[in-house]
Amino acid sequence: MGSDSSWLRDLGLAWLVARAILFSLLGILLLVAFIVFRRWYRGRYFARLNTRTVALREQWADILSGKVPGSAWRLNALDCQIVEDILLDNIEVSGNDQLPAFLACLRNSGLLDLRIREARSTEGWSRRSALLNLGRTRAPEAVPALAEALASPSEETRVAAVRGLGRVSSPKAALPLLELFVSEELKVPEHTLKNALLNCCRGSPEVLIPYLNLANGRTRELIARVLGELADPSLGEELLILAADPLPEVRASAARALAKVEPEVSFPVLSTLAVDTEWFVRLRAVIALSSLEHTSKVHILLRALCDSNRHVRQRAAWTLARMQQGKELILEKVVATHDNYALQAFLSELERCGSLDAALDGLGNLIERAPGSADVENVAAVVREHFAAPGKVAGAEKVAGAAAGKP
Amino acid sequence: MLLFLQISNNSLFVFYLISNLINLALLIVAIYMNTLHRYRLESLRLEGIGSSPFTPPISLLVPARNEELCIVASVRSLLRLDYPQLEVIVVNDASQDGTMRELRENFNLHQSPTLYISEIATAPVIGIYRSIEHPRLLVLDKQSAGCKADAINAGINAASSPYVCVVDADSILEKDSLSRIMAGIISDPERVVAVGGIVRILNGSIVEAAELKEVRLPRTHIEMLQVIEYLRAFLVGREAWAAFNLLPIISGAFGIFRRDLLLKIGGFRADAVGEDFDLIVRLHRYLNDLGVDYHINFIPDPTCWTEAPSDYKSLARQRARWHKGLLDTLWRARDMLFRTRYGRVGWIILPYMWLFECLAPLLELLGYATIILAAVLGALSQHFFIQFMLFGYAFATLISVGSVLLEEMNYRRYGSWREVAWLLVYCLFEHFPYRQMTMIWRLRGVWEYLRGDLTWHQVKRTGASTSPTP
């Protein structure tokens, strides 16, 4: 062995390479050993977890009622984790009537206090984990600890706090979010914040209004977007003001929200928003109009069907094709717009909702009554181009035939 | 002569050493990033993405050419994905088999007069079809331009969502893969412009009714070696490069992109040999030219299962084509090299791709030749030669074992002891003789490219995604 060693040393570079080989082989062995050990350890851990879960589930009613004292499971890490997981899973699916019993268990065992302390005093992953678990408890006393974490210098921690507050799902949890956000001190991804606000303000959208009035720019747009999702008829007046906002995103959100307001109030505003300068505002207005019951909406939708933006046209076509009133009359009006894009969009939607045949049949009757007009020629051309393949759409043959003056 | 051989051997040694050290660094970064991702996932509720009204819609683009064996299964699988606002656009690229017939018969397609605006120029679209049963399905029937890129571009034109996800027709996405990949965008929608997911090998797994029922390892050596190769490439390479915003490629089999950006750069380049690599390099170029802050991300857990070549001939063709694509794209992007405007892309990843990916087979071949020559002429110790080879082999195997470790720690798609043992065993063969085989195939790619042979050779498919394996 000694002679081998001196021989390698004499080789200089070769000795270095030999050592590199040894280190590589050692590295491979260590990685393989780690994989084997980890698999073995996980197998053992899950077996224990399974056994303890069964044991704790057998005593579950007593644990929940406090007959089994918290100290019996709280001080064992595995038992504590199992009980906490079960409690949090139950809280997530429980109604307000079942919640107090689960919260009482969390409080009486001291587990809630432990998580609050962790959320305040630890750092890194344990803090984030504590924040998320605190949110899942839906306990009101969790809100201050979660709110404190919004000021953390770590973005990951702030995100965990926002998600935690979102899971509390109460308007009180929305307040720290809104206060910091409006003062532009909260830097988190917008999607996370919007979802948290959505969860917290569901059922109480009026909480957003004062903050919306204080906010500007992007902040105002985001709050308006959440409001657009949550608004209810009680916010009618506020929404009318927002519909005249200089920010297009706010107008679009107002349009979305106006779908939930009385048609008498919302229709005039939506009619105006349907000719807005921004296409997405027009689109939102058309979507809102589609859910309103109002006799005059056909005219607005026909105008939207000729919009320069294809999304607006498609949505208007979608709504018109699904309206209850006579499709042939609407089709006739669409033809009268002299807009082939509009006609194509409408025919396409009629086909998708299975009404094309009936509409063309009705239109054939109309053509027979008033043959020879330019409009009729126009629709006949489009129908021939797209639908008049033999047997494809029965009404198409009738339209094409009627336009050509054949019986 | 001897001096030349000595210099050549020393250069080769330094090349190997640097290559291995870079790979080791990538492995360490990848272990950190994978662990970080796993922790982040714990706080993210995927079902929240599914139920949120703020989740952006996605158009799934499925270019299909002669895919009659798997198209129906793939489309069914895509229509069942868990994502709130999803549109599936299949682009039949002038298939000469029964692809279009299969689609018509199985999805009750009807020609639809949907308006199609060719924002990116493509070969003519001759028919647009909608499914009566599946309103979210749109099928474009187009003439062929002889490339997949053109079909994808037609899909981009027809898409109505702000994000488009490109998926191969012979691939199966896991049910939550779109939610998972979208998590990479919604965490920072201002900066993240594209995200790639992991592609895994479907061969050997049990698939029923277009759903992956049980993940299993493939049966043949060539497929097993590709499993290891994919794990190393995705879990180590892409994860680590993405950490530094240096991701050079998003697989054409599974990636998501901002549609507006694709339109601005003219979509996928129709004359590119490797359109996926070319697109990412052009995105880097465009966004650096604009001077905007952006990120091209990789997320390791949204999984796309795809059929890998199961015979040597098909694999050789595929690898030759990939290498032609690499060479083609790097050559087109040569003006980005070492330019301050392109930052780390021009200074780090493109030089790396030139040296350690594109030229590696040539350098390896040259190295093997000079080492053997030097050994024959007595200018190199035979002991040293063997040691050097062993070092290269052992170090590279270490990286492969590291990728199996990453798989085992974070994703565990291969659950049994037996499967993990097989993965570890095949790590021993990835760098000998598989690496040398791929070297020859890649050299063939270089030769074909230099000859101007840019033909797309169809890879033989067995339809692994449609039926259970025996």
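Tutor: A patch is built from residues with over 30% relative accessible area and no salt bridge, where like charges are joined within 9 Å and nonpolar side chains (Val, Leu, Ile, Met, Phe, Trp, Tyr) within 5 Å. Accessible areas come from the Shrake-Rupley method with a 1.4 Å probe, and for residues only the protein chains shown count as cover. A salt bridge, in turn, is a side-chain nitrogen of Lys or Arg within 4 Å of a carboxyl oxygen of Asp or Glu. This is a predicted model, in which local features need pLDDT of at least 70 and side-chain atom pairs pLDDT 80 or more, whereas totals for chains, interfaces and linings use all residues. Residues are numbered from 1 along each chain as written, chains are lettered from A in the order written, and side-chain values use heavy atoms without hydrogens and water.

Student: Which residues make the nonpolar surface patch?

Tutor: Met1(B), Leu2(B), Phe4(B), Ile372(B), Leu373(B), Val376(B) and Leu377(B) make a patch of about 720 Å². Helix 12 of chain B (helices being DSSP runs of H or I, at least four residues) gives the most to this patch, with four residues, while Phe4(B) lies in helix 1 of chain B.

Student: How is the size of an interface given?

Tutor: It is often given as the accessible area lost when the parts come together. Here chain B and chain A bury about 4,600 Å² (1.4 Å probe, summed over both), 64% of it on carbon and sulfur atoms.

Student: How many salt bridges cross the interface of chain B and chain A?

Tutor: The rule finds three across that interface, including one between the side chains of Arg218(A) and Glu190(B), at 3.5 Å from N to O.

Conventions. Buried area = accessible area lost by both parts, 1.4 Å probe. Helix = DSSP H or I, 4+ residues; strand = E, 2+ residues; numbered from the N terminus.
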